[in-house]
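Please keep the sequence and the model in view while reading.

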Amino acid sequence: MGAEKIIEKIIADAEEKAREITSGAQAEAGRIVAAANEAAAEKKEKSLAEGEKEAALTKQRIVSSAHMEAKKLLLQARQDLLSEAFAAALNKIQNMDNAQFERLMTDLMVNLIETGDETVIINEADKKRLSPDFLYYVNRTVAKEQVPCNVTMSDEARDIPSGFILKRGDVEINATFEALLRQKKDALSAEVVKILF
């Protein structure tokens, strides 16, 4: 075999070896790419599932937050309405004519008298709205239902809102209209909170 044939044989063997190496490399590259694609697909599926889960949690948080905000707004609206209603009630009491005001004071006082020996303390403006016979009618009304009644008017005129303080010994009952309405408002506000939450 001549040198030329040997060189051709070496080149042919080298080309064959190069083809085998290239073919093997391409096959290995194909396997690597397929594995990478499979891993990427799995990762994509996992990421999508986690993303969907996170999106669901985020949606749930947003909806829950919106519900809570709506409840707060509703509670505030109801409290505002209660405040307006009680302010209107107080305004109506303050704008009553003297006869209506006296009837209201009489009814309230009759319901609070227990012993018949109480003393009534009112402000100067309310004293002027009541007739001189006011306590006579209060005592007579209570006496019909209970034992004799001798409620008296204090000489003291306190700087209190409209209504009265009923003093029984050392105990004073705050029966100002503001205090009575505030108690009712607090009770109603508690009911509103129970309804909403």
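This is a predicted model: local features need pLDDT of at least 70, side-chain atom pairs count only at pLDDT 80 or more; totals for chains, interfaces and linings use all residues.

Which residue in strand 4 is the bridge partner of arginine 168? The partner is valine 171.

## Overall layout

The protein chain contains five helices and four strands. In sequence order these elements follow the pattern α-α-β-α-α-β-β-β-α. Of the 197 residues in the protein chain, 23% are buried.

Contacts in the protein chain can be sorted by sequence separation. Among those with a separation of 6 or more, 77% are between residues 24 or more positions apart.

The four strands form an open sheet in the order 2-1-3-4, and the pairing is mixed. Strand 2 and strand 4 are at the edges with a single partner strand each, so one side of each has no neighbour in the sheet. On average, neighbouring strands of this sheet are turned by 30° against each other, with direction ignored.

Strand 3, residues 163-168, pairs with strand 4, residues 171-176, in the antiparallel sense, and the pairing has six bridges.

## Helix 2

Helix 2 covers residues 98-112. How does the distance between the end C-alpha atoms of helix 2 compare with the span that 15 residues should give? At 1.5 Å a residue the helix should span 21 Å, and the end C-alpha atoms are 21 Å apart, so the two values agree. Aspartate 97 caps the N-terminal end of helix 2, with a side-chain oxygen 3.1 Å from the backbone nitrogen of alanine 99.

Helix 2 lies across strand 1, strand 3 and strand 4, and runs at about 25° to strand 3. The buried residues of helix 2 are Phe101, Glu102, Met105, Thr106, Leu108, Met109 and Val110. In general, an α-helix has 3.6 residues a turn, so residues three or four places apart point the same way. Valine 110, in helix 2, has a relative accessibility of 12%, and it counts as buried because that value is under 20%. The C-alpha atom of valine 110 is 9.9 Å from that of tyrosine 137, a residue 27 positions away along the chain.

## Salt bridges

How many salt bridges does the structure hold? There are five. Arginine 168 takes part in a salt bridge with glutamate 118, where the closest N and O atoms are 2.8 Å apart. Arginine 168 belongs to strand 3 and glutamate 118 to the loop between helix 2 and strand 1 (119-122), so this pair ties together parts 50 residues apart in sequence. Both arginine 168 and glutamate 118 are buried. A network of salt bridges links Glu114, Glu118 and Arg168.

Glutamate 172 and arginine 158 also meet through their side chains in a salt bridge, at 2.5 Å from N to O. This pair links distant parts of the chain, 14 residues apart: glutamate 172 is in strand 4, and arginine 158 is in the loop between strand 2 (152-157) and strand 3. Glutamate 172 is partly exposed at 36% relative accessibility, and arginine 158 is partly exposed at 24%. A further salt bridge joins arginine 61 to glutamate 54, with the closest N and O atoms 3.3 Å apart. Here arginine 61 has a relative accessible area of 48% and is partly exposed; glutamate 54, at 42%, is partly exposed.

Helix 5 spans residues 177-196 and includes glutamate 178. Which residues is glutamate 178 in contact with, leaving aside its neighbours within four places in sequence? They are Leu90, Gln94, Pro161 and Ser162. For proline 161, the C-alpha atom is separated by 6.9 Å from that of glutamate 178, and the two residues are 17 positions apart along the chain.

Notes
Residues are numbered from 1 along each chain as its sequence is written. Side-chain values use heavy atoms; hydrogens and water are left out. Two strands pair if DSSP finds at least two bridges between them. Helices (H or I, at least four residues) and strands (E, at least two) are DSSP runs, numbered from the N terminus. A salt bridge is a side-chain nitrogen of Lys or Arg within 4 Å of a carboxyl oxygen of Asp or Glu. Buried means under 20% relative accessible area, exposed over 50%, partly exposed in between (1.4 Å probe, protein chains only). The expected span of a helix is 1.5 Å times one less than its number of residues. A polar contact is a pair of N or O atoms within 3.5 Å; within protein, one must be able to donate a hydrogen and the other to accept it, and residues adjacent in sequence count only if both atoms are side-chain atoms. Axes are lines fitted to C-alpha atoms, for helices over the stretch in contact, and angles run from 0 to 180 degrees between N-to-C directions. Contact means heavy atoms within 4.5 Å.
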